[in-house]
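Reader: I have a structure open on my screen and would like to walk through it with you. Could you take my questions one by one?

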Amino acid sequence: MALLLRIIRQARWLSAWETLDTEDIADNDVPADPVADLDTKQNKLSVYVVADDRSDLGRIVAALAANRPQLQKLDYALFDERTIPTISIKAQKTKGQTPDDGVNDKHLDLVALTGLKLVALARAILDQAQIERKPPKDVAALIRTEAKSGALDMDRCKLEPQERRKIETL
Amino acid sequence: MTAQPHAVETNSLTSGMMPPADVTLGPGRSPARKILEALAADSAKRSRVGWRVTCTFSSTTQWAETEHVIQADSATGAEGPKTDDDTPYRSAQAAFGSAEDEFFEDGTESQFAREIKVLIAKHRRSALEAISHLILFTKTGPHVANEALSTLGAVSEPTTYEYRRWLLERTLGSPSAVVRDGAVIGLAWLDDPHAIPYVQRAVQGEQLAPLRRSMEQLAGQLGEKSRWRSS
């Protein structure tokens, strides 16, 4: 059973859990904040496939973190890929856009999304997903490892110059 | 409430997560925190007069090891007396106000984070006093507080280090999970084993599983740093 990884900002989901605890929200609905983490383009949402033993999780995290201008913590949700068909969402294999070609091959687009499907996905993540974090120090270590192994092409990474220096110092 | 100048000076307010009822100024006086909250909530009504709140956080409890003073003026465009101290508070207040409309995204520096860094570089301790007041004693939104606390950990300004660490340790006990999360992120940047007892205490009280995991992860990181230092 593979897992799907979606980058999120944990604070939005914490706020949603707090809201669910205190307000009467229907089982098929969600507080609005976490939906902001599911920002679609052309009704598609980007996710990455993680092996069930999570052996490639570090590599995927490194590629995603190196694909941003600032070296910061990285929060993500991991959920069972079998969740997707149960909420009538279809997935399409497409090439990712990170500086690691191996990771790019693990990219999926969730396609033909609608407002209701996004809410269903947000609810599934709230109810079932594992929300995890790699703090800045771990992110730097993962990038160092993957760059050293040659998996991560640092020439294509989007980190700003002063952020690249942090990779060695954190 | 009649608008008139208020001065609540050098109140001894025990720092930490104690409920307001436990915080008193002394026999026959109102709880200091209640006074602060009332002043903050009523600041609009007081826009014609200047008031200043000064809280001394004592070092008498286990929660606070360093004495800090927070000063804040009404700073609502008041027509009352103005001093140079108004500048950092008003700048911070403006930054916090604008931040309520900003969408924060990990991996990209927010405008708000840039403003906080500039404020601290320029005003140092005064900026921290203002930021602390805005987070602890006003209705700053939790997501703005989260971003501010995350940024405070990543700032490299040595003269405010202890103050920033103190604020981060203290906000681990915030009633808002989003604010506690900001404190965890900020402390992960600081990477200072001093925070270990505060983090351990926060872990014990944390109800939300993902946040508890982040706190445990932080405790592990700081423990490793502590072992590395002592080896």
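Predicted model: local features only at pLDDT ≥ 70, side-chain atom pairs only at ≥ 80, totals over all residues.

Reader: Is B:Arg124 buried, exposed or partly exposed?

Author: B:Arg124 sits in the loop between helix H3 (111–123) and helix H4 (125–137) of chain B. The count of other C-beta atoms within 10 Å is 16. Buried needs 20 or more and exposed needs 12 or fewer, so B:Arg124 is partly exposed.

Reader: What is the phi of B:Arg124?

Author: Most residues other than glycine have a negative phi. B:Arg124 is not a glycine, yet its phi is positive, at about 45°.

Reader: Which loop holds B:Asp191, and what is its phi?

Author: B:Asp191 lies in the loop between H7 and helix H8 (196–205) of chain B. With 17 C-beta neighbours inside 10 Å, B:Asp191 counts as partly exposed. Its phi is positive although the residue is other than glycine, with a value near 55°.

Reader: How many helices and strands does chain B have?

Author: Reading along the sequence gives the pattern β-α-β-β-α-α-α-α-α-α-α-α. In total, chain B has 9 helices and 3 strands.

Reader: How many residues of helix H5 in chain B are buried?

Author: H5(B) covers residues 142–154 and reaches 19 Å from its first C-alpha to its last, close to the 18 Å expected. For chain B as a whole, buried residues make up 44% of the 231 residues. H5(B) itself is mostly covered, and the number buried is 13 of 13.

Reader: Which element of chain A gives the most to the side that touches chain B?

Author: Here 19 residues of chain A are in contact with 21 residues of chain B. Helix H1 (10–22), strand S3 (74–80), strand S6 (130–134) and helix H6 (136–149) of chain A each supply at least two residues of that side. By class, the side of chain A has 8 nonpolar, 4 polar and 7 charged residues. The top contributor, with 6 residues, is H1(A).

Reader: Are H2(A) and H6(A) roughly parallel or roughly perpendicular?

Author: Their axes come within 9 Å and cross at roughly 100°. Residues that meet here include A:Ala62 and A:Ala65 in H2(A), with A:Leu142 and A:Ile143 in H6(A). Since angles of 65 to 115 degrees count as roughly perpendicular, H2(A) and H6(A) are roughly perpendicular.

Reader: How far apart in space are A:Arg59 and A:Glu146?

Author: A:Arg59 is found in helix H2 (residues 57–65) of chain A, and it is buried, with 21 other C-beta atoms within 10 Å. Leaving aside neighbours within four places in sequence, A:Arg59 has contacts that include A:Asp100, A:Val103 and A:Glu146. A:Arg59 and A:Glu146 are 87 residues apart in sequence, while their C-alpha to C-alpha distance in space is 6.5 Å.

How values were computed. Residues numbered from 1 in each chain as written. Chains lettered and ligands numbered in written order. Helix = DSSP H or I, 4+ residues; strand = E, 2+ residues; numbered from the N terminus. Expected span 1.5 Å × (residues − 1). Contact = placed C-beta atoms within 7 Å. Nonpolar A, V, L, I, M, F, W, Y, C, P; charged D, E, K, R; others polar. Axes fitted to C-alpha atoms, helices over the stretch in contact; angles between N-to-C directions. Parallel < 35°, antiparallel > 145°, perpendicular 65-115°, else oblique.
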